[in-house]
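Please report on the two-chain model shown here. Cover the fold, the contacts and the confidence.

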Amino acid sequence: MSGDPYARPGALTPAGAEPIVRVSGLEKYYGRNHVLRGVNLDVYPGETICLIGRSGSGKSTLLRCINFLEEPSAGSIEVDGVLLAAAPTRKRGPDELEQCRQIRTRAQMVFQEFNLFPHLSVIDNLILAPVLVNGVARDQAIATAERFLDVVGLREKRDEFPNRLSGGQKQRVAIARALTMEPKVLLFDEPTSALDPTLVGEVLLVMEDLAHEGSTMIVVTHEMAFAREAADRVYFIDEGNFVEVGPPEQVIDAPRDERTQRFLARLKSRQNPEAVAEVAGIPVVPAPG
Amino acid sequence: MAGKELVGSPPGLPPIVVAIEASGRRQTLSFRARFFLTWAVIVGAVVLLIVVATKPNPRFHLQDWLPFIVGGVGMTLVLSISSIVIAVFLAVFGALGRLSTNPVFNGAASLYVSLVRGTPLIVQILFIYLGLPAVGVVVPAVPTGIIALSFNYGAYLTEVFRAGIQAVPQGQVEAARSLGLPERQVLRRIVLPQAVRIVTPAVANDFIAMTKDSALVATIGVEELFLRAQEAGRPSNATFQTIAVAAAIYWVMTIVLSLFQARLEKRMSEGDRKR
């Protein structure tokens with residue numbers, strides 16, 4: 001039941017290293033709907049993992065179970081040595097709630113809808129958790145926050161309110177906010193899916209930098225170009241478990257499983273209208289100009 | 001936002017833009033003029049009707065009684081302001097109870113809302129003032145008024161706050177939890193500040209309603225605006241005139257409060273955009 005047969009220490013990891021994230025035998029039911037079916041996943045320090053699959057395949061649920069935004073129905077999660085088993089039928093005691101919080105601070109989530117706090121300025125969004133949760137002094141938290149705003153290139157927006165930022169800027173602030181907690185692993189839940197197509201690039205660029213600088217990342221995405229560029233392994237998930245796993249050049253460019261092939265073909269046609277038109281037999285009108 | 005009001009059209013604008021702006025200003029002015037004219041005509045007609053319909057009463061002189069009646073405004077405001085403050089407190093706890101997974105808190109809060117919304121305010125006032133002494137609890141008139149008003153409005157505002165808390169997007173809670181905030185801090189730092197913005201118009205609305213419902217406290221002899229109006233009219237049998245005066249004063253009060261409400265709402269919405 002346990003152990004990820006596909007995982008191996010990444011290039012940045014010395015041999016014999018322990019995984020930083022270990023998902024074992026994870027099951028999730030929504031009511032009677034079986035969403036995750038015994039998922040095992042190991043991620044080593046410095047690795048970037050991409051989870052791909054159809055909507056409803058369970059990839060976002062898996063991500064949300066890792067930091068317990070969803071209560072798993074069975075199995076366990078271990079993040080940076082903090083192990084917590086599923087407890088779907090009882091209320092957690094104070095010790096377990098504390099462990100849950102430990103896991104959350106170590107595994108920071110970046111959401112599709114950004115979820116910046118609209119009543120707080122950018123800098124206040126960034127220092128809220130360091131001050132309240134980690135007990136960092138305010139001045140020091142501000143200095144750290146400014147450093148991470150530099151990382152995402154938005155230092156000059158420090159006093160702006162979130163509603164005055166573009167979608168791409170919001171998501172970059174959200175990434176900076178996650179970084180201020182100095183997490184062991186970053187969880188990205190379709191971080192560019194809510195963005196105007198022209199703003200996707202700036203967010204992916206920041207994420208690629210993070211991946212190349214050795215951050216550990218688990219990314220749910222439909223951006224195959226990003227996966228190709230940044231992922232150490234790509235996991236294709238279907239009907240609640242992994243179907244095909246491997247380096248991006250295998251899974252994305254030469255998928256072996258029929259389901260992976262179908263998914264990628266459909267994704268390609270959706271992102272490329274000319275391909276759809278071709279398949280449907282509609283003549284493609286060249287764009288004017 | 002400041003300083004962006006168009007005072008005049010700066011030079012160098014295309015003539016059509018200048019013409020459109022001028023026409024826009026003319027339309028706004030003309031709308032306002034006709035709006036206020038409509039008010040003046042209708043209010044004038046009603047006042048005229050009252051004056052014509054009322055037999056002249058040589059024993060009643062308004063100027064003698066006006067200061068006495070207006071003096072009741074103070075008590076009306078004391079009742080309303082202290083009651084709305086207490087009501088908001090009750091409402092925050094009531095709403096948390098209504099959303100609690102603890103059956104005892106949830107049950108108590110739901111019973112409070114059901115019971116208080118299910119009985120008339122005047123009955124609640126009389127129950128506290130006349131009913132409680134039967135079990136040995138004597139509450140003076142003014143505190144009775146404040147307790148009854150705040151309990152009553154607290155129940156309505158409980159539902160307002162509950163809806164306000166539920167209107168804060170779930171993503172906000174998830175983001176706060178992901179950052180490792182304990183549940184108490186999620187509520188205090190993220191959910192409640194946003195809920196307060198959402199419910200501010202409704203609370204201001206209820207406050208305006210409460211200034212008028214405070215007239216019910218006249219029944220137990222609290223010297224507020226409405227009781228004073230009745231007392232002023234009684235000796236000369238001019239209660240109709242004095243109550244009309246009270247109505248006018250209530251109306252002016254609510255107009256002033258509505259202006260405050262508009263300003264408050266504007267400031268609240270600006271908070272999201274700019275400090």
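From the N terminus on, chain B runs α-α-α-α-α-α-α-α-α-α. That comes to ten helices and zero strands. Helices (H or I, at least four residues) and strands (E, at least two) are DSSP runs, numbered from the N terminus.

This is a predicted model, in which local features need pLDDT of at least 70, side-chain atom pairs count only at pLDDT 80 or more, and totals for chains, interfaces and linings use all residues. Residues are numbered from 1 along each chain as its sequence is written, while chains are lettered from A and ligands numbered from 1 in the order in which they are written.

**Chain B overall**

The radius of gyration of chain B is 25 Å, whereas a compact globule of 275 residues would have one near 19 Å. The radius is taken over C-alpha atoms, and the globule rule is 2.2 Å times the number of residues to the power 0.38. The C-alpha trace of chain B spans about 70 × 70 × 25 Å along its principal axes. Buried residues account for 29% of the 275 residues in chain B. A residue is buried if 20 or more other C-beta atoms lie within 10 Å of its own, exposed if 12 or fewer, and partly exposed in between; C-beta atoms are placed from the backbone. Among contacts in chain B between residues at least 6 apart in sequence, 72% join residues at least 24 apart. A contact means that the C-beta atoms of two residues, placed from the backbone, lie within 7 Å.

**Where the chains meet**

20 residues of chain B are in contact with 21 residues of chain A. Helix 7 (170-178), helix 8 (183-213) and helix 10 (239-273) of chain B each supply at least two residues of the side that touches chain A. By class, this side of chain B has six nonpolar, seven polar and seven charged residues. Ala, Val, Leu, Ile, Met, Phe, Trp, Tyr, Cys and Pro count as nonpolar, Asp, Glu, Lys and Arg as charged, and the others, Gly among them, as polar. For the complex, the predictor gives an ipTM of 0.88 and a pTM of 0.84.

**A sheet in chain A**

Four strands of chain A form an open antiparallel sheet in the order 2-1-4-5. Strand 2 (33-43) and strand 5 (82-85) of chain A stand at the edges with a single partner strand each, so one side of each is left without a neighbour in the sheet. Strands pair if DSSP finds at least two bridges between them. Eight bridges join strand 1 (residues 21-30) of chain A to strand 2 of chain A. A:R22 stands opposite A:D42 in strand 2 of chain A.

A:D80 is in the loop between strand 4 and strand 5 of chain A. A:E190 lies in the loop between strand 7 (185-189) and helix 6 (197-212) of chain A.

**Confidence**

Chain B averages a pLDDT of 90, and 94% of its residues score at least 70. pLDDT is the predictor's confidence in each residue, from 0 to 100. Over residues 1-5 of chain B the pLDDT is below 50, and this stretch has zero contacts in the model beyond near neighbours in sequence. Where pLDDT is low, the predicted coordinates should not be read in detail.
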